[in-house]
Amino acid sequence: MTKIQENITQGWINGLIGVILFSGSLPATRIAVLELDPVFLTVVRATIAGILAVVTLFIFKEKKPSKSQIGSLLIVSLGVVVGFPLLTALALQYITSAHSIVFLGILPVATAVFGIIRGGERPKPIFWLFSILGSLLVIGYAVAQGLTASPIGDLLMIAAILLCGLGYAEGAKLSKSLGGWQVISWALVLSLPLMLLLSVVYWPSTLEGISTSAWVSLAYVSLFSMFIGFIFWYKGLAQGGIATIGQLQLLQPLFGLALAGLLLKEEVSIGMIIVTFFVILCVAGTKKFAK
């Protein structure tokens, strides 16, 4: 195995770990917003992750990003620190966790498109065939379940996906020069002052009556969804390519549906297993024809 092949393989491993950690985000957010205000949930999770990022950067004595990197870090903050968490939290007031997961099927395409715009990648035409086919499989499966929709919730999820794809692509491009975990850490640090202020403003008048499951969900989205998952994800994107590794997100809706079944008692059918198999084939196709 050549050094390049080894690097790409490591990219797939890191990307897969990131996807697995991200898969619990929407089910956990759904549990949390049943008892916590979505704006408060968004800002407090970013605050917790931001404090963790400050400590981590201090321990490893990381150098500050250059002025030319600040703009990209702000885009990352807009996309994955504020935009996606806030819009999905708002959407989950109107739609179920399972329905929201439908839209994650569009995320690989959004990431690949922004990877072309922001990262200059040029996948082969057949790559798009597998990418779009995988997305349609995921979306088609979820729609076939007869999930009810809310126009407001759907529009919020579409906006969330677009911002997330932008944040993923921008962070992956920046990771090549700044480092994977450093990108999400500095993005969190840049947003920390505002997030901390808003956490105080939106702090609940009382914490009584908030269940343990809501607090556990908040802890999960703060530590794993907002920080630890990105360490693996951005590193994987930088190693294997934005468009290529981004296709692993096709597995996230299916992992998410499985978790929704476990956490929210939603049924996991044979159809889901069949779709999972074909989606894995699509992921394998995009890996083969990405470059």
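Biologist: At roughly what angle do the axes of helix H3 (residues 38-59) and helix H10 (residues 212-240) cross?

Modeller: In this predicted model, local features need pLDDT of at least 70 and side-chain atom pairs count only at pLDDT 80 or more, whereas totals for chains, interfaces and linings use all residues. Residues are numbered from 1 along each chain as its sequence is written, and side-chain values use heavy atoms, with hydrogens and water left out. Axes are lines fitted to C-alpha atoms, for helices over the stretch in contact, and angles run from 0 to 180 degrees between N-to-C directions. The axes of H3 and H10 come within 9 Å, and they cross at roughly 55°.

Biologist: Which word describes the direction of H3 relative to H10?

Modeller: Angles under 35 degrees count as roughly parallel, over 145 as roughly antiparallel, 65 to 115 as roughly perpendicular, and the rest as oblique. With the crossing at roughly 55°, H3 is therefore, relative to H10, oblique.

Biologist: How many nonpolar residues does the contact of H3 with H10 have?

Modeller: Contact means heavy atoms within 4.5 Å. Residues of H3 including Leu41, Ile48 and Leu52 meet residues of H10, among them Leu218, Val221 and Phe227. Ala, Val, Leu, Ile, Met, Phe, Trp, Tyr, Cys and Pro count as nonpolar, Asp, Glu, Lys and Arg as charged, and the others, Gly among them, as polar. The contact of H3 with H10 has three polar residues and one charged residue, and its nonpolar residues number 11.

Biologist: How many helices does the protein chain have?

Modeller: Helices (H or I, at least four residues) and strands (E, at least two) are DSSP runs, numbered from the N terminus. The protein chain has zero strands, and its helices number 13.

Biologist: Is Lys61 buried or exposed?

Modeller: Lys61 lies in the loop between H3 and helix H4 (67-91), and its phi is near 50°, a positive value in a residue other than glycine. Buried means under 20% relative accessible area, exposed over 50%, and partly exposed in between (1.4 Å probe, protein chains only). Because its relative accessibility is 72%, Lys61 counts as exposed.

Biologist: Is Ser97 buried or exposed?

Modeller: Ser97 is placed in helix H5 (residues 97-102). Leaving aside its neighbours within four places in sequence, Ser97 is in contact with residues including Leu26, Arg30 and Leu264. Its relative accessibility is 1%, so Ser97 counts as buried.

Biologist: What percentage of the 291 residues of the protein chain count as buried?

Modeller: The C-alpha trace of the protein chain spans about 55 × 50 × 30 Å along its principal axes. Of its 291 residues, the share that count as buried is 53%.
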